[in-house]
Amino acid sequence: MMEHDTITKINENEKAVLTALEKLGTASGSKDIAAELNLKPKTISGAIKKLKSSGYIESPARCKYSITAQGKEQLSC
């Protein structure tokens with residue numbers, strides 16, 4: 001498969017958000033993610049937006065996010 005060809009490079013903040021979501025294990029809001037990372041929720045909103053548009057996280061409920069299989073793959077790269 002050519003999945004690796006479509007992987008978008010992520011920065012350190014985005015990687016931290018993915019790692020926090022994986023660690024939390026359930027769909028979490030930006031406040032939960034921010035608390036895990038010791039950051040303000042508004043600080044991570046840009047990372048969430050990019051990760052969601054790249055398919056690395058999904059929003060199973062309003063304002064809640066969880067890591068996708070593609071996001072887990074990105075962390076392992």
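Predicted model: local features only at pLDDT ≥ 70, side-chain atom pairs only at ≥ 80, totals over all residues.
Student: Where is S28 found?

Tutor: S28 sits in the loop between α1 (12–24) and α2 (30–37).

Student: Is S28 buried or exposed?

Tutor: S28 is buried, because its relative accessible area is 3% and the cut-off for buried is under 20%.

Student: Which backbone oxygen lies 2.9 Å from a polar atom of its side chain, I mean that of S28?

Tutor: That of T26: its backbone oxygen is 2.9 Å from a polar atom of the S28 side chain.

Student: And what is S28 in contact with, leaving aside neighbours within four places in sequence?

Tutor: With those neighbours set aside, S28 is in contact with L21, I33, C63, K64 and Y65. C63, one of these contacts, is in the loop between β1 (57–61) and β2 (64–67).

Student: Staying with C63, what is its phi near?

Tutor: Phi of C63 is near 65 degrees, a positive value in a residue other than glycine. Most residues other than glycine have a negative phi.

Student: How exposed is C63?

Tutor: C63 has a relative accessible area of 47%. C63 therefore counts as partly exposed, since exposed requires over 50%.

Student: And C77, buried or exposed?

Tutor: C77 is exposed, with a relative accessible area of 58%.

Student: How many disulfides does the count come to?

Tutor: Zero disulfides, by the rule used here, which asks for a pair of cysteine sulfur atoms within 2.5 Å.

Student: Changing topic to helices. At what angle do the axes of α2 and α3 cross?

Tutor: The axes of α2 and helix α3 (residues 41–54) cross at roughly 110 degrees and come within 9 Å. That angle makes α2 roughly perpendicular to α3, because 65 to 115 degrees counts as roughly perpendicular.

Student: Which residues in α2 and α3 meet?

Tutor: From α2, the residues are S30, K31, I33, A34 and L37; from α3, they are P41, I44 and I48. By class, this contact of α2 with α3 has six nonpolar residues, one polar and one charged. I33 in α2 takes part in this meeting, and I33 is also among the contacts of S28.

Student: Next, T68. Where is T68 found, and is it buried or exposed?

Tutor: T68 is in the loop between β2 and α4 (69–76). T68 counts as buried, at 14% relative accessibility.

Student: Which backbone oxygen does the T68 side chain reach?

Tutor: The T68 side chain reaches the backbone oxygen of G55 at 2.7 Å. Not counting residues up to four places away in sequence, T68 touches G55, Y56, I57 and E58.

Student: How many residues apart in sequence are T68 and G29, and what about space?

Tutor: T68 and G29 are 39 residues apart in sequence, with 15 Å from C-alpha to C-alpha.

Student: Last one, E14. Which helix, and is E14 buried or exposed?

Tutor: E14 lies in helix α1. E14 counts as buried, because its relative accessibility is 5%.

Student: What does E14 touch, not counting residues up to four places away in sequence?

Tutor: With those excluded, E14 touches K9, A47, K50 and L51.

Note on methods: Residues numbered from 1 in each chain as written. Heavy atoms only, no water. Helix = DSSP H or I, 4+ residues; strand = E, 2+ residues; numbered from the N terminus. Buried < 20%, exposed > 50% of the residue type's maximum accessible area, 1.4 Å probe, protein only. Polar contact = N/O pair within 3.5 Å; in protein donor to acceptor, adjacent residues only side chain to side chain. Contact = heavy atoms within 4.5 Å. Axes fitted to C-alpha atoms, helices over the stretch in contact; angles between N-to-C directions. Parallel < 35°, antiparallel > 145°, perpendicular 65-115°, else oblique. Nonpolar A, V, L, I, M, F, W, Y, C, P; charged D, E, K, R; others polar.
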